[in-house]
Amino acid sequence: MPRLFTGLEIPEDIRDQLSDLSMPLPGAWWIDSDELHVTLRFAGDVDNPTADDFVRALDAINEEAFVARLAGLGTFGAKDPRSIWVGVEAGPALARLAKANERAARAAGLPPETRAFKAHVTIARLRNSPPQAIARMLARRSGYRSEPFLVTNFALFSSKPVTGGGPYIVEETFPLTGGGAPAGNQASLG
C-alpha cells in the first residue's frame with residue numbers, strides 16, 4: 001500500500017539556498033535538500049486501485065504554468081512549534097492547482113482535506129525546541145527571498161510510512177499547460 005502525495009519540485013539552486021538557512025537549534029531536525037518540496041495534496045496510505053484512480057484524475061488536470069518564489073519563514077504548532085517553513089508566493093495559479101489536486105483526490109475516493117491549503121516548504125521539524133531560540137532563528141533568517149522560478153509541472157510522490165516520510169520518490173510528473181508564465185503573473189510576485 002503506497003503512501004502518496006502530490007507536490008511541486010523545487011529547483012536545485014533554491015533547495016541549496018534553503019539548506020543554507022539551517023543553523024544550530026536545539027531539537028531541530030533540518031530536512032535534507034533532496035527532500036524539499038511544496039505539498040499540494042497529501043493522500044496518505046492508499047490501496048493500488050485508489051492510487052490508479054488518483055493518477056488518472058491527476059492526469060486530467062489542465063492548469064497553466066506559473067512563476068513562484070519562496071519568501072519568509074514561519075512555524076506550525078502555535079505554542080509548541082513542530083516545524084519551520086518557508087512561504088511560497090505564486091498568486092492565484094498555485095491556489096487553482098491545489099484545488100485541482102483536491103478535486104482529483106476526491107474523484108479517486110479520498111476523503112476531503114480538512115485543513116486549508118497553505119503553500120510552504122517545510123525546512124525543519126522541531127521537538128521541544130526552546131521558543132526563544134526559534135524566535136531568534138526566524139528573526140535572523142526572516143529576510144529570505146528566492147529568485148522567481150517557473151513551475152511547469154507537478155508530481156506524484158511516494159514516501160516511507162514514517163515520521164518525516166523521506167526519502168521521497170517521484171512516481172510520475174504531470175505537465176502544466178504552456179511553457180512560459182502567463183501574462184502578468186511575474187508582476188504579481190513583486
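Predicted model: local features only at pLDDT ≥ 70, side-chain atom pairs only at ≥ 80, totals over all residues.
Close-up 1. Residues are numbered from 1 along each chain as its sequence is written, and side-chain values use heavy atoms, with hydrogens and water left out. Three bridges join E2 to E6, and the two strands run antiparallel. Strands here are DSSP runs of E with at least two residues; helices are runs of H or I with at least four; both are numbered from the N terminus. Two strands pair if DSSP finds at least two bridges between them.

**Close-up 2. Five strands form an open sheet in the order E2-E6-E5-E4-E7.** The pairing is antiparallel. E2 and strand E7 (149–151) stand at the edges with a single partner strand each, so one side of each has no neighbour in the sheet. On average, neighbouring strands are turned by 40 degrees against each other, direction ignored. Axes are lines fitted to C-alpha atoms, for helices over the stretch in contact; angles run from 0 to 180 degrees between N-to-C directions. Strands of a sheet pair through backbone hydrogen bonds, either parallel or antiparallel.

**Close-up 3. Helix H4 (residues 131–141) has the buried residues Ala 133, Ile 134, Met 137 and Leu 138.** Seen down the axis of H4, these residues fall within an arc of 135 degrees, so they line one face of the helix. The arc is that of the directions from the helix axis to the C-beta atoms. Gln 132, Ala 139 and Arg 140 are exposed on the face turned away from the buried side. Buried means under 20% relative accessible area, exposed over 50%, and partly exposed in between (1.4 Å probe, protein chains only).

**Close-up 4. H4 lies across E2, E4, E5 and E6.** H4 runs at about 155 degrees to E4. Its buried residues pack against strands E2 (28–30), E4 (66–76), E5 (83–89) and E6 (120–126). Contact means heavy atoms within 4.5 Å.

**Close-up 5. Strand E8 (residues 153–159) is mostly covered.** Six of its seven residues are buried. Five bridges join E8 to strand E1 (residues 3–9), running antiparallel. Here Gly 7 has Ala 155 in E8 as its bridge partner. Six bridges join E8 to strand E9 (residues 169–175), also antiparallel. Phe 154 stands opposite Phe 174 in E9.
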